[in-house]
There are 2 protein chains.
Amino acid sequence: MNLRHLILLLMLSVAVAARAQATLECWDRFEVSFTHAAKGNPFDVELSATFTNGAQQITVRGFYDGDDTYRIRFMPTAEGEWRYTTRSSVRALNRQQGSLVATAPTGDNHGMVQTKGLGFAYADGTRYMPFGTTNYALAQFRPKTQEKTIETLSKSGFNKTRFCILPKDFPCPEEEPMSYPFLLKSRTKDADGKDCFEWDTERFDPVYFQNLDHRIEQLLALGIEADLILFHPYDRGMWGIDAFSNEVHIRYLEYLIARVGAYRNVWWSLANEWDLVKTKTKEDWKILTRAVVAADPYRHLCSIHGGTAVYFDYWMPEYTHVSIQDEGPVFTSTASATLRQIYHKPIICDEIGYEGNIKERWARLSGQQMTYFVTNGVLGGIYVTHGECYRDPVEQEFIYWSDGGELKGESWKRIAFLRSIMEEAPNAPMMADISRDEVTTTCGDGYYFVNLGKNIQSAWRFNLPRSNGYYPRPKAGTKYKVDIINLWEMTIQEYPHLFEATEVIDYRVYDKHHRDVRLPDAPYLLLRIRKVE
Amino acid sequence: MNLRHLILLLMLSVAVAARAQATLECWDRFEVSFTHAAKGNPFDVELSATFTNGAQQITVRGFYDGDDTYRIRFMPTAEGEWRYTTRSSVRALNRQQGSLVATAPTGDNHGMVQTKGLGFAYADGTRYMPFGTTNYALAQFRPKTQEKTIETLSKSGFNKTRFCILPKDFPCPEEEPMSYPFLLKSRTKDADGKDCFEWDTERFDPVYFQNLDHRIEQLLALGIEADLILFHPYDRGMWGIDAFSNEVHIRYLEYLIARVGAYRNVWWSLANEWDLVKTKTKEDWKILTRAVVAADPYRHLCSIHGGTAVYFDYWMPEYTHVSIQDEGPVFTSTASATLRQIYHKPIICDEIGYEGNIKERWARLSGQQMTYFVTNGVLGGIYVTHGECYRDPVEQEFIYWSDGGELKGESWKRIAFLRSIMEEAPNAPMMADISRDEVTTTCGDGYYFVNLGKNIQSAWRFNLPRSNGYYPRPKAGTKYKVDIINLWEMTIQEYPHLFEATEVIDYRVYDKHHRDVRLPDAPYLLLRIRKVE
């Protein structure tokens, strides 16, 4: 095949790609590919496409995916015909045109998750409450391990997981990353036997990203949001990738976003433990954050996560929500609720320590403690992310928190149980009488939870605060039914008597007949109180 | 005296004022006055002066003080000769020149309080820890009441008080404001017997402000910071002053700042309970805040205060510190500490409810509860403001919180005691091991407090966290002495034995001999632990 033939073939393939009109649901991924043999670095080829649907216009970057293949991915955000035209520094890729038809979402497709007030909702308005977990190296180790993690997640009840794009050091001695985001030029050993990695900072490894795509797609099929951690401090000099310049890192961000921005389930977490990344300043994080927002036409959820009780400037408009590592706010629901008030944004405690048996104190919460913390946070109106660090000292098994694999703990089932209870409620939880009543949560008009936490008490005197968050206050004469929920045993027991609200007496209402709810002698009880229509 | 004579006389008086060279300490108030009979509204006369000392230059507004008298006040911020030149829309007041010599501060003059990290310090670096109280109408009611309040403050141990400039409705039926910031044109009664006030929104009442000056000066002499509340929601339609336009309000702010900005002890609190002022939006508060900062060449401390758990955008650079109404953050020292981490600014809970006996829940804290909340906050690294609401239902006495008068409660003495303990410490308090250890506070290398709060326990096993805030960690072999402080009884008892730190065992050090501190069976104990050099 001579050059002329090659050019004809390329033009033909482009024309075919451009002519085909795809039909897909809104929020699903449209993809078109082009073949072109670049003269220089194929990652240097500029390629973008502008998609137009009436007054709506979205421009996305294309990306090089290896094997002379360029791709443009797009997520239609509204129904109707979207027409596109490409722009490229390469003539063969320039001014290519085509169209697609976006249809109404169906089934489990509710669109992209966005913030809604102090909570989250899918694009169609369906409430989304993140009950997340953590698998830092989800897409890094051997395929078998990755598949096991996905299988575990499919059975877990979690609807979000956090994981890293850049390689994380491997606590499991037999596992190391199969491929890397950047192209590895050479791997040698120095005189001390230490691995030396030489990178091509101007080229990415499509193999790595193809696997990443696949994992994101698998999570999407499971209804799990992929909270992608873009940087982290777990390089520790092994690969030196965290020490690349902002310029190289922004190129990486743009490449990543061009690839995976069209998946509706991705979130951007600028960093895990940003303050522990010694190669970046706070100003660098702001630069990188702005680069992410600039490169993302869809405005996926975006935050940054610090070390224990290290809070970034989350009021920056670039951050859609607050993503913190801190136990303090989940010691009580009141402390959780304060954070909502401060930031006027949704709050996620994306680490409060991990359930586990490791000697480090951040990795040895009991199942009860993890459940208790998650419950406190959720009832205070914030969200709390789970993670697990169990290790068998003899068998050197995978640690779910980092390596993936199987869940061994006890809290994950309780968190799924809590999720089911919260999703049944008419609204997301908030404290009914903030900073005054530490145990009563409201989910709407006549819909309450009372969190008894670690207290074991034989009875609870029926009472509710006059204040009821955003919602109508309790009225005298309203009848309520009570369920006793045991969060640890995962049981729900309907109480056999109804209660009837009095007039307000000193900021609270009581039962007209002064009755108690008799309780089992158990901790982790949650009372659900609902008015009888 | 004809016009020519009058002009000559005025020029002479100006010349005399301009020639005299005052000598005063830095941070004291310099004042120069001019006489001029304005043709129109004397408050419309534009007057300012620029003070220059080498490269330093400060421009201040002058103000009209009644009786054809204009004044310029200035606070020298550095030693040396300051020369000034006036500018005015009135020829006789324009281009007047003079100078003053600022000498080093002496005695209790440490300069203006400013923020320093997450705390406060005077200009000379001396640490300032606000232990404030609240007297909303301090400068409003009868002189006898005002004098009684000042006398009470002089004996109280408080070093800050919050009070309102605009009139506050009067719970005490026999007291009402003697004068008002704006000029009262008429006061009549409507058909229902309700008072109707007609204001001249373009004129202020110098009599009101002269009294305000006097009260600020009295507080200054007592070493008490005057946290001036510029707006509030306690007009309730009585005077309609809170409903004036932003334009009128900015004129009021500029007048006030021209008058009292040269007092080193003033702070600006844009509002008390800003969210309850129904005549202003959040955007209005930002406009008014920026007006305050623009008018204040000294950059006095500046914040804004909301209703319970209503948090403003305190990250705005205009706010030097966070001033909140919320009990939640003082339920525990950990919750207090979280706020410092979030805002990266000093935090003052400028209302956590009041000690008192009123039926409203915000006004009926016990003395113990108030003491407990203040202690939790201070040990968590924030500051907490006191207030009192006792009323004798028969005698209808003044309520200290609003009307002023005498202190009747029990917490104020304990707060003074706590202040003396904290001022003795080498640094302001912070949690030693944030979000992990809820009771241990550090004030430096080998200087700790352990807050036992409401717990009554027979012994405390000597132990300290490995982490020690900003300070060096405890070292094995270091010897410590322990004082048992009873915050309620206001006693300090030195424990007869020394303790010797072990190596770190699982994040903590213990006593080498496994000894306890035997405790009295009392609540509100605070252990002070200091290394023996």
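**Note on the predicted two-chain model**

1. Three bridges join β11(A) to strand β12 (residues 160-164) of chain A, and the two strands run parallel; strands here are DSSP runs of E with at least two residues, helices are runs of H or I with at least four, and both are numbered from the N terminus. Two strands are taken as paired if DSSP finds at least two bridges between them. Within this pairing, Thr133(A) stands opposite Thr161(A) in β12(A).

2. On the basis of the note: this is a predicted model, in which local features need pLDDT of at least 70 and side-chain atom pairs count only at pLDDT 80 or more, whereas totals for chains, interfaces and linings use all residues. Residues are numbered from 1 along each chain as its sequence is written, and chains are lettered from A and ligands numbered from 1 in the order in which they are written.

3. The sheet that holds β11(A) is open and parallel in its pairing, with five strands in the order β11-β12-β15-β16-β17 of chain A. At its edges stand β11 (132-134) and β17 (302-303) of chain A, each with a single partner strand, so one side of each is left without a neighbour in the sheet.

4. Chain A is divided into domain 1 (3-103), domain 2 (113-424) and domain 3 (430-531), with bounds that come from an automatic or database domain assignment. The centres of domain 1 and domain 2 of chain A, taken over C-alpha atoms, are separated by 31 Å. Between these two domains of chain A, 16 residues of domain 1 are in contact with 15 residues of domain 2, contact meaning that the C-beta atoms, placed from the backbone, lie within 7 Å.

5. To the side of domain 1 of chain A that touches domain 2 of chain A, β4 (56-64) and β5 (69-74) of chain A each supply at least two residues, and β4(A) gives the most, with six residues. By class, that side of domain 1 of chain A has seven nonpolar, five polar and four charged residues, where Ala, Val, Leu, Ile, Met, Phe, Trp, Tyr, Cys and Pro count as nonpolar, Asp, Glu, Lys and Arg as charged, and the others, Gly among them, as polar.

6. Between the chains, 22 residues of chain A are in contact with 22 residues of chain B, and the side of chain A that touches chain B has 11 nonpolar, seven polar and four charged residues. Of the interface residues of chain A, 100% are also interface residues in chain B, so the copies meet through the same surface.

7. Chain A can be laid on chain B with an RMSD of 0.0 Å by a turn of 180° and a shift of 0.0 Å along the axis, the superposition being by least squares on the C-alpha atoms of residues with pLDDT of at least 70 in both. The two copies are thus related as by a two-fold rotation axis. In chain A, the C-alpha nearest the axis is that of Ala335(A), 3.0 Å from it.

8. In chain B, seven strands form an open sheet of mixed pairing, in the order β1-β7-β6-β3-β4-β5-β2. Its edge strands are β1 (22-25) and β2 (30-35) of chain B, each with a single partner strand, so one side of each is left without a neighbour in the sheet. Four bridges join β1(B) to the parallel strand β7 (residues 97-103) of chain B, where the bridge partner of Leu24(B) is Ala102(B).
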